[in-house]
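User: I would like to go through the labels used for this structure and see what each one rests on.

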Amino acid sequence: MVLCIMSAGMFCSQFGLSQPSGLCQEGYFCPAGSTSPNSTESQNNSTNHHLCPSGHYCPSGSGHPLPCPVGSLAISQGLKAAEECPPCPPGLYCDSPAMSDLSNALPCHAGYVCLSGSSSPSPSDGSHGYPCPAGYSCPVGSASEVPCEAGTYSPTSGAAHCLVCLRGTMCPSSATQEPSTCPAGHFCPAGTVAPQACPIGTFNNQTGAHSLSACLPCPSGVYCGVHGASAPQAPCLQGYFCQGGATVPTPESSETFQRNGLCPVGHYCPAGSLTPLPCPAGSIRNATGGVSMESCSACPAGHYCSAEGLASPSGPCSAGFYCPFDFSSTTPYAFLCPKGHFCPEGSALALPCPTGEYQPNPGSENCVPCRPGFFCEEAVVGDPWPCPPHSFCPAGTMVPQPCPNGTYTHSNQTGLQEEKECFPCPPGTFCRAGKIQGFCAAGYLCISGSAEFTPQGSVSNMTHCQWGVQCAGPCPPGFYCPEGAEQAQLCPANTVRSFAGAVSLKDCLPCPPQYWCKPGDPVVHLCPPGHYCDGLPGSDFSGGTGPRPCPIFTYRASPGAGSKGDCLPCPSGSHCNTTGLTEYTSSPCPPGFWCSGTGPPILCPAGTKRQLPGAAAPNQCELCAGGTFCPDPRVTGKPNVEGIPCRASYQCPVGAVSEKLCRAGSFCGPQTAEPQVCPKGYICPEGSYSYDTSKQLCPFPYYCPANSSAMKSCSGGSMPVSTSTLRGSHSSSCSLCEDGTYRPYLSPSLQCLPCPPGYYCPQGTEDYKTNPCPHGHVCGKGYAQPKSCPPGTFGNRTRAEKMDDCHPCPANTFNHLPAQKACFLCGSSSFSTPGSVSCTCIGKNRAFQYSDGSCLCRTGFIYYNELDFKSSTSDSELDCQPEVSRRCITGEIRVAASRECVLPSLHSCNITCGSHGGILDVEMGICRCERYVSAEEICNTSCLFRLPQLSAELTQDGDLQLSLRERNSRVWARMEVPRRLNDEMSQPHQMTLFVGKDEHFLYDLPLDDFSLHLKLSLATQKKLFLATCI
């Protein structure tokens, strides 16, 4: 032991040793006096724990931890060698040994890349780091270099940041070391990635440009039509001129170069023109795009062109002169107009004077016509002859013209200058050839200008006859005209003349009944609206037969009433209180009333009102609006035109006759029709006008949901809780009783009470008595759920309070399930001790079956019964022996059902699959059938309905009762099977069998956890088809 005390790195596991037991285990360190190679004897004591600490490593035989070298960062404990010390993370450097905290590792210096394991802030060895290369940047803490973005560059190594590309240069890609010079036709501002092309219309023939100002406008006479041009392309086309900055050979004017564009009118432009050239004097060009002097046209005939660059003539040739078409005139006085001719302004030739006119002087713009009132048969120089009677002569007359028909002149009247100086034919006569011919015929009216003895014109306007218009025709309807009548005579009142041509008073006929005839009116008028015309004389019309007014409460909207009976009674909704009415809409029933139309207005009923006039029935009196009431007008003596506003604390629904107190659970402000629901957290008794008074606030321990008129207590299974918010709902004001507690409804205790023993109380329990502890469970005080009796025990009473009420299963019984009220019997081939969860099989190599208590051979074992028959699926006390099968030869497979070896090609699946056959699966040893037949194919629904029914159910005593019956419910057989010691089937279970024709059969029918052996002797000898458990 002395050597261990003095030798670090060794351990001595016992006292009295002559030498140490061995070296300390790697990953641990052993100071002097260690008794374990890994300090396991003191791992529960942190003060003596010798696991190699962070930042160190401990090889085998270490007496103390060794520091990890610089360039490493060891956070983990128990490192065994220096190679296990993790390198310092990239981007950081670790310049001290034994570093274990990441916060002690500092970031690498700017301009350097620190790889894994760096111990210097500026490494250069290449294995742990290196200076930042040219074309890259390395900020502080770089684990790798970052390439300079396009538009930046780095010319040297060790750069922390990239430089912006200089103006006049470009950096088109990442990781640029040296910028490129900006090419001609372009410019490059600072930080340029791609050079910017000079815009169209400019060029730049220098490299290294840095701004748009280096792009010069295209010179005069040429154009620059591409981006990035270093020289002009070509001259502008003919028909265009280019002052500068042109972008196409056919440029257009712009704000910068307004003199660029299509050659203007009055000019021509050869190819490469700097400015348009004017057309010479005496010529014009009225279209744009002239290309040469030949594009200019001669001045047009009748005009002159006095200046250069004209688009149109300077003006027309002056009056008294003419400008021929084959002479390019530069003055308006080209040639003087000769005698006997006239030359108006703009003349291309001198025009001869027409007949009836003359001109004795040269240079005239017109000829002199013959004077009015005279006529000239040929061109003369002296005075013309005066116009004769019954005719007229306007200026320039060659032959006198007779006055038109319907006009005349006196026989001594000469020198008339125009036809309007001929007088209209006087009334009662007709005129032709300027003379009066005689009187007009009887039955015709000639007022003025008549040219016919029996004129057929119109005399509708007899007071304003225009000159030249024949104001004559047949005597108009409603009048009669004797021979030579100067004006028509009116047909008297109550007579009528419906058509023209009346000669005397006899032609005016008496007025027919039901009509009204006015003096001189050719049309008979229906008796006017509001009146009737019965044709009988009356004193009110001095014996006449004129219209009479309709009486009171009647009206007549249309004309033509022939009697008083034709006056219609006024409809409902109107109040016709005057005579002679033509309509009833202007006399509506007044507001607040309804009118039948045949009598005075009637007041609207109580609870109704009428704001608008015209109510025709009581149902047109509107119900009083909500929030107002309409009292009985027979009591108040006033019609209900508007409802009276309802006061606060009262409600007035639609059609209210009086105010009613606001209903409970609501509140009513002024003019309330439908009360507002009292909000949650408040109570509103009957007649409330508000809800937020201090007396209406819901107090603890109650809650008040919306529409509350009284306070509510928390429901059973919950207790009131204090809250700072309104107590408006059960969920916010009441809390469910916690697990293991209960509280009855309206309990005087405000807290939930603990659940008593023998009962369980889940959350929200109101009465603990509804939850007695069930069989197979125990329930102590405050239990929320029953606690199950464990397997191997059973609980045969309810309301059990402690685990002692769970009794161990007796010998030769078992219980493999929790929460049971009885135990299961072991089979005849097994046994058990008290409190067992399973039974032990008597025979060897047998497995106990929980479901039916049998002991079956384990897999791979069989047994031979008393008759030496082999079996593996039958219950028995005999031992099971290992089953030995013959080894299959090559090409054979083992059938799973019989374990026989067969050849797949020779094996038939018809026995298993039926006539359709199948294929033997070589891997599983079973037949895969080509077709499966369902039970419904053998026996359909109607077939199943006709079969007898076997049923099984548990009685109240726990016994199994079997019944076999036909569909007519006649019982054939009934038997009872004693119940076993289990309580799995606490509820009735039913098993149904459908049977068919056959002999006696023995069926093993499982029902839950036991087997039923039943021998059926079927009198009807029917065969079993299908079994269904319900």
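User: Why is Leu 216 called partly exposed?

Analyst: The model is predicted: local features need pLDDT of at least 70, side-chain atom pairs count only at pLDDT 80 or more, and totals for chains, interfaces and linings use all residues. Residues are numbered from 1 along each chain as its sequence is written, and side-chain values use heavy atoms, with hydrogens and water left out. Leu 216 has a relative accessible area of 43%; buried means under 20%, exposed over 50%, and partly exposed in between (1.4 Å probe, protein chains only). Leu 216 is therefore partly exposed.

User: Why is Gln 651 called buried?

Analyst: Its relative accessible area is 8%, and the limit for buried is under 20%, so Gln 651 is buried.

User: Which residues is Leu 216 in contact with, leaving aside its neighbours within four places in sequence?

Analyst: They are Gly 201, Thr 202 and Phe 203, where contact means heavy atoms within 4.5 Å. The C-alpha atoms of Leu 216 and Gly 201 are separated by 8.5 Å, and the two residues are 15 apart along the chain.

User: How much of the protein is buried?

Analyst: Buried residues make up 37% of the 1030 residues.
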